[in-house]
Amino acid sequence: MSRFGIPGRVNRRRRLSTYVICASIAALLTARSALAEEPAASADASASEPKATPDENPTAGYIPGYRRAVGLGLSPMAPMGPAVPGLVTEPFSASDDESDWQFNFKGYMSASMRTSENTRDIAFVGQELSTFHGPPRTPDSYGMFGGTNTTPGSWVELNFEYGNSIVTSHVKLTTFKPSSATGFTESNSQNFVNEAYLTFKVPPLGALNVNWTVGAFRNAYGGLGQYGLGQYNAAIIGEPFGVGETLSLSYNLSDTYALYVEHGIMGRLTKTPNGALPSNEYSASSSALPSSWVNHAHVGLSIKGAVPLVMGLHYLNNFSADERDQRDDPQTYWIDESKRPDAHLTVVGADVRMLDNHLGNFGLAVSHADAKNDELLTGMVYFGSFTGDQAAQRYFGPRSGGTGSMNIIGGEYNLSWGKLIRYPEEFWGEGPDLITSVFATAASVKSTDPDFDNVEMFKFGTEVTYRFVPWVGISGRYDHVSPNSRDTEQNFDVISPKLIFKSNWNSHEQVTLSYTRWFYGSHTHAQFPNDYTRHDLDNQMFAIHFGMWW
């Protein structure tokens, strides 16, 4: 018996196992020696055969797509993600049969140092009479009807693309405040990975072209500018965003005409956990908000030629069908949230655009919106408002709960006189030029909030820019804003002269020095969430702004 009472035959089994292992190792060593001492004739016979290229990288398993070494775990460089449905993925960075895969890096960045100036009512000992505020205390802010975008704010967008002629991946990193300029109340400015999606381009099927976008992204309809939303930086029809897809079809009716059809479904699916306290900055973080969806469809016609035109009809429906919004807020005594119907915002619209040519660039868009409990919704930017709550606070009124209707019309026309005068000779900006712009937007509101019912609003402006040498130009702008037809004392005017600097006629950067002056009415005030009263508002602003695109 052994020390622990185990029969002695166990020790004999252990010794037998040891003998087997030693015999196996000896056999392997003998086989290796025999292979090394093969007859020379065998070596000569195999000399003409191609030899396998040795693996020159002893740690190949640590390179994605080069997993030749056997290891016990994944390479630390391998992306950590779930398996794709169907298990059809190739190893990361593995080679393929296509040869036209390319990587592109595009982007835009701008930043503005803007400070508004005013005077104190009373200056005590040790205080200056003048005051300077940053960010500016003016009614000009993105998304508000009083916003004119006279001096743009900051925006950085880095777009990374990788793909071929059929499929391309896009990742966009964005922020409206570079980190070093971010205040403690603006941490949400760091959008980081704001969009990540794939675009598929099906090879042409005769006259039919098919494009499919899938992932997290946004669309914009009713923009008035050539490449953007226009001078007032707000889409007249709407901007659905979230996770989903958009399928676009175009059919060439002839060499001149083409028909377009587009449909998409988007989901804004982030749901704040029940019981979480809402943020003071964005009500989208409220746990009472349901998940939201956007269903949108479009049809259009394009006309090619010396004066290209694009016309479109649009339908967008932002809605929710989520039973989790069942709590009454005692602070909103005029609404019983526990019995509120499902929310929706339905927008129908039309637009026509004359794309940039010798006659200029022109855009005109109209829309009609019908809202029910719109303040619950997210997933679609409507007339500059990121959430339904913002739209309710600014246009339908806080007591409406986001129920009402709205009509909007906007137009913009930009003309390069250098291009017009030189026509039919082509002019691409390599020389002196005078550029004029006119733009206007008007809206009317019907609301269940009596303070916002039957309100009409409009604004218009003009800008003239003259570039006389490659590196400098001068510009001047004027805007008139009437935010409430029921109180014309809220009207105000804005003037803004500017100096523009560039390194050459068509270089991709610009530095602007500007001065802006507001002339307020006695009841002028800012809109939600910047509820500055007439007494709080500053009437002049100094700014330096830079922008670059590539």
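## Lysine 172 and its salt bridge

Lysine 172 is buried in this predicted model, because its relative accessibility of 14% falls under the 20% limit. Its side chain meets that of glutamate 157 in a salt bridge, with 3.7 Å from N to O. Glutamate 157 sits in strand E3 (residues 155–163) and lysine 172 in strand E4 (residues 167–175), so the bridge ties together parts that are 15 residues apart in sequence. Glutamate 157 has a relative accessibility of 22% and therefore counts as partly exposed.

## Other salt bridges

How many salt bridges does the structure hold? There are 10. Side chains of opposite charge can pair when their charged atoms come close.

One of these bridges joins the side chains of lysine 372 and aspartate 370, at 3.5 Å from N to O. Lysine 372 is partly exposed at 35% relative accessibility, and aspartate 370 is partly exposed at 28%.

Another salt bridge is formed by the side chains of aspartate 451 and arginine 399, at 3.2 Å from N to O. This pair links distant parts of the chain, 52 residues apart. Aspartate 451 is in the loop between strand E15 (433–447) and strand E16 (455–469), while arginine 399 is in the loop between H3 and strand E14 (404–416). Aspartate 451 has a relative accessible area of 47% and is partly exposed; arginine 399, at 35%, is also partly exposed. Elsewhere, salt bridges that share partners join Glu157, Lys172 and Glu195 into one network.

## Asparagine 373

Asparagine 373 belongs to the loop between strand E12 (360–372) and strand E13 (380–381). Is this residue buried or exposed? With a relative accessible area of 10%, asparagine 373 is buried, because buried means under 20%.

Which residues does asparagine 373 touch, leaving aside its neighbours within four places in sequence? The contacts are Arg340, Pro341, Asp342, Ala343, Gly401, Gly402 and Thr403.

## Threonine 387

Threonine 387 is located in the loop between E13 and helix H3 (388–396). Its relative accessible area is 9%, so threonine 387 is buried.

A polar atom of the threonine 387 side chain lies 3.2 Å from the backbone nitrogen of glutamine 390. Threonine 387 and aspartate 374 are 13 residues apart along the chain, and their C-alpha atoms are separated by 8.6 Å.

Key. Residues are numbered from 1 along each chain as its sequence is written. This is a predicted model: local features need pLDDT of at least 70, side-chain atom pairs count only at pLDDT 80 or more; totals for chains, interfaces and linings use all residues. Side-chain values use heavy atoms; hydrogens and water are left out. Helices (H or I, at least four residues) and strands (E, at least two) are DSSP runs, numbered from the N terminus. Buried means under 20% relative accessible area, exposed over 50%, partly exposed in between (1.4 Å probe, protein chains only). Contact means heavy atoms within 4.5 Å. A polar contact is a pair of N or O atoms within 3.5 Å; within protein, one must be able to donate a hydrogen and the other to accept it, and residues adjacent in sequence count only if both atoms are side-chain atoms. A salt bridge is a side-chain nitrogen of Lys or Arg within 4 Å of a carboxyl oxygen of Asp or Glu.
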